[in-house]
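Colleague: I am new to this, so please take me slowly through one part of the model. I will name the part once the picture is up.

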Amino acid sequence: MKKCGYCAKQITYHQMFCNDECHGKSNKFYEMREHLSSVFGVFNMVCLIGMALGIFLMNFARETGLYIFAGCGVVLAIIILLIPLPIDNMLDKWKIKKAVFATRIIGLCVMGLALIAFLLALFVF
Ligand SMILES: [Zn+2]
């Protein structure tokens, strides 16, 4: 059984997408990914390293570590929410629509974590 490459609806064997709209959206997604993935891959990496550094710093400078973690987390979350680029595994499994949705949920979780760290730094330590 085949699934539409965009919305994951069932389709017949000789189709790639369930309709032209899904085909167009899929093309747009891959075009965007091609243009942006290298730039935002670097941004994502920098933010992740920043968050890891923040966690490391918490050992001796708790407040500074939390602020760095929170700052990098907010930037990372905004990038993920604006430009959700799911990994290929997710795309294969869920197709574009659901994978982008799941990626946005991850972005929201990162945002939540960053805000918690920010509040901790402000009010607890
Ligand atoms: Zn479709």
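The request comes next, and one connected answer follows it.

Please take a close look at helix 2: which residues in helix 1 meet helix 2, and which in helix 3 meet helix 2?

Modeller: Two points on reading come first. Residues are numbered from 1 along each chain as its sequence is written. This is a predicted model: local features need pLDDT of at least 70, side-chain atom pairs count only at pLDDT 80 or more, and totals for chains, interfaces and linings use all residues.

Start with the whole chain. The protein chain has 3 helices and 2 strands. (Both are DSSP runs numbered from the N terminus: helices are H or I with at least four residues, strands are E with at least two.) In sequence order the pattern is β-β-α-α-α. The C-alpha trace spans about 60 × 25 × 20 Å along its principal axes. The radius of gyration of the chain is 18 Å, while a compact globule of 125 residues would have one near 14 Å. (The radius is taken over C-alpha atoms, and the globule rule is 2.2 Å times the number of residues to the power 0.38.)

Now to helix 2, which covers residues 62-82. Take helix 1, residues 20-57, as its partner to begin with. The axes of the two helices come within 7 Å and cross at roughly 160 degrees. That angle makes helix 1 roughly antiparallel to helix 2. (Axes are lines fitted to C-alpha atoms, for helices over the stretch in contact; angles run from 0 to 180 degrees between N-to-C directions. Under 35 degrees counts as roughly parallel, over 145 as roughly antiparallel, 65 to 115 as roughly perpendicular and the rest as oblique.) The crossing of helix 1 and helix 2 is left-handed. (Left-handed means the near helix is turned anticlockwise from the far one by less than a right angle; clockwise is right-handed.)

Here are the residues you asked for. Helix 1 brings Phe 40, Phe 43, Asn 44, Cys 47, Leu 48, Gly 50, Met 51, Leu 53, Gly 54, Ile 55 and Leu 57. They meet Thr 64, Gly 65, Leu 66, Ile 68, Phe 69, Cys 72, Gly 73, Val 75, Leu 76 and Ile 79 in helix 2. (Two residues are in contact if their C-beta atoms, placed from the backbone, lie within 7 Å.) By class, the contact of helix 1 with helix 2 has 15 nonpolar, 6 polar and no charged residues. (Ala, Val, Leu, Ile, Met, Phe, Trp, Tyr, Cys and Pro count as nonpolar; Asp, Glu, Lys and Arg as charged; the others, Gly among them, as polar.)

Next comes helix 3, residues 88-124. The axes of helix 2 and helix 3 come within 8 Å and cross at roughly 155 degrees. Helix 2 and helix 3 are therefore roughly antiparallel to each other. Their crossing is left-handed. On the helix 2 side, the contact residues are Glu 63, Leu 66, Tyr 67, Phe 69, Ala 70, Gly 73, Val 74, Leu 76, Ala 77, Ile 80 and Leu 81. Helix 3 answers with Thr 103, Arg 104, Ile 106, Gly 107, Val 110, Met 111, Leu 113, Ala 114, Ala 117, Phe 118, Leu 120 and Ala 121. This contact of helix 2 with helix 3 has 18 nonpolar, 3 polar and 2 charged residues.

Zoom in on one residue. Ala 70 sits in helix 2. Ala 70 counts as buried, with 22 C-beta neighbours inside 10 Å. (Buried needs 20 or more other C-beta atoms within 10 Å of the residue's own, exposed means 12 or fewer, and partly exposed lies in between; C-beta atoms are placed from the backbone.) Leaving out residues up to four places away in sequence, Ala 70 touches Ala 114, Ala 117, Phe 118 and Ala 121. Ala 70 and Phe 56 are 14 residues apart in sequence, and their C-alpha atoms are 13 Å apart.

For contrast, look at helix 1 again. Val 39 is found there. Val 39 is exposed, with 11 other C-beta atoms within 10 Å. Its C-alpha atom is separated by 32 Å from that of Asn 59, 20 residues away along the chain. Gly 24 lies in helix 1 too. Gly 24 is exposed, with 12 other C-beta atoms within 10 Å.

Step back to finish. Of the 125 residues of the chain, 22% count as buried. Among contacts between residues at least 6 apart in sequence, 50% join residues at least 24 apart.
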